[in-house]
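Please look over the sequence and the model shown below before reading on. The paragraphs that follow begin at a single position and then widen to the whole chain.

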Amino acid sequence: MSAKKVFVYSDPEVGKKHGYTFDGQAEDDEFGTLYLYTGAGTEGHQQLAGGNKSLLEAGQMGREVHLFVAAGKVLKKKEKYQRYVGQVVIDPVLPYEERMAPDRNGAMRRVFVFRLRPAPGATLHLTDADAVKPATKNTVVEVPTLPEPVKLPAQTSAKDKKTENHATDETTSNVAGGARKVIRREGQLTKAFQAHLTAAGHTHKSFQITVAGERGTLTPDIYDVTDNVLYEAKGLSTRAHVRMAIGQLLDYRRHINVPPGLRLAVLLPSKPTADIQALLDRENIALVTQKEGGFEGFPLPPSSN
């Protein structure tokens, strides 16, 4: 890293040696090209410090980020060739995701998987070989409730706007700004409900699911171990968001191994329309909504089945 540049060196083979393959080009989404990069730290939970902090703060510090991908070993040496891919920025909507992976000693720990986008005007020189490798088998890893990562100083409104405009064009910026608010709201809702569960004496965790032949991971929001309930949270109470939550819950249920009698529930910031409530009721999916000082619908009423 120089004063004005951050260099990111991605090597999927390193993760593969430890049993995970997060690095690589993910499938394009509504915001375009996406490259995933696992943060620094080979032992214990990764922290948003050192190189990880420098990468996360690069935009607000006015630093360029340049991505390189390992391209084979140097003959008779330990070093590897590095292929330059291009200039990137941290995804302004969702900068990173937390995943579970073994460290160099085999212990499961949290890692940060950063989401990188092409910088304005940049073209990333990616090949088919750079794609995230599909999972070779179905796996389900339990994800305990982890300590909060080190917090970064809050950005000012001016810096937020400047960073967002730097990272995207004007049209996408408006979309990204709205999407970012929804994701933040969803994260805040999830954390508030986790705290509520803990205060109620409930144990909770989540799962990290890979499906053979598919790239990436599936990650349910909350599994309440005490009441055997799987929750999916959404930042908005619209029909589109609730329908997405229903589909996710039905998909997750197929893969996780929990005691018989699992119940499904959608967690929302406010009550949806009567018709959406009727849809949830018809599908036997419970509804929990946030209210001042707590959550309505929790604990779930006894099952009618």
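Gly-261 is found in the loop that runs between helix 5 and strand 12, where helices (H or I, at least four residues) and strands (E, at least two) are DSSP runs numbered from the N terminus. With a relative accessibility of 61%, Gly-261 counts as exposed; the classes used here are buried for under 20% relative accessible area, exposed for over 50%, and partly exposed in between, with a 1.4 Å probe and protein chains only. Although Gly-261 and Asp-227 are separated by 34 residues in sequence, their C-alpha atoms are 9.7 Å apart in space.

Some conventions apply throughout. This is a predicted model, in which local features need pLDDT of at least 70 and side-chain atom pairs count only at pLDDT 80 or more, while totals for chains, interfaces and linings use all residues. Residues are numbered from 1 along each chain as its sequence is written, and side-chain values use heavy atoms, with hydrogens and water left out.

For the protein as a whole, the assignment gives 6 helices and 14 strands, and 41% of the 305 residues count as buried. Among contacts (heavy atoms within 4.5 Å) with a separation of 6 or more, 65% are between residues 24 or more positions apart.

Helix 5 contributes Arg-239, Val-242 and Ile-246 to the contact, and helix 6 contributes Asp-275, Ile-276, Leu-279 and Leu-280. These residues divide into 5 nonpolar, no polar and 2 charged, where Ala, Val, Leu, Ile, Met, Phe, Trp, Tyr, Cys and Pro count as nonpolar, Asp, Glu, Lys and Arg as charged, and the others, Gly among them, as polar.

Turning to charged pairs, a salt bridge is a side-chain nitrogen of Lys or Arg within 4 Å of a carboxyl oxygen of Asp or Glu, and by this rule there are 16 salt bridges. One of them joins Asp-91 to Arg-115, with the closest N and O atoms 3.0 Å apart. This pair links distant parts of the chain, since Asp-91 lies in the loop between strand 5 (80-90) and strand 6 (96-102) and Arg-115 in strand 7 (residues 108-118), 24 residues apart. Asp-91 is buried at 2% relative accessibility, and Arg-115 is buried at 12%. Both belong to a network of salt bridges that also includes Asp-29, Glu-97, Arg-99 and Arg-117.

A further salt bridge is formed by Lys-271 and Glu-296, whose closest N and O atoms are 3.1 Å apart. Lys-271 sits in the loop between strand 12 (263-268) and helix 6, while Glu-296 is in strand 14 (residues 294-296), 25 residues apart. Lys-271 counts as partly exposed at 48%, and Glu-296 is likewise partly exposed, at 35%.
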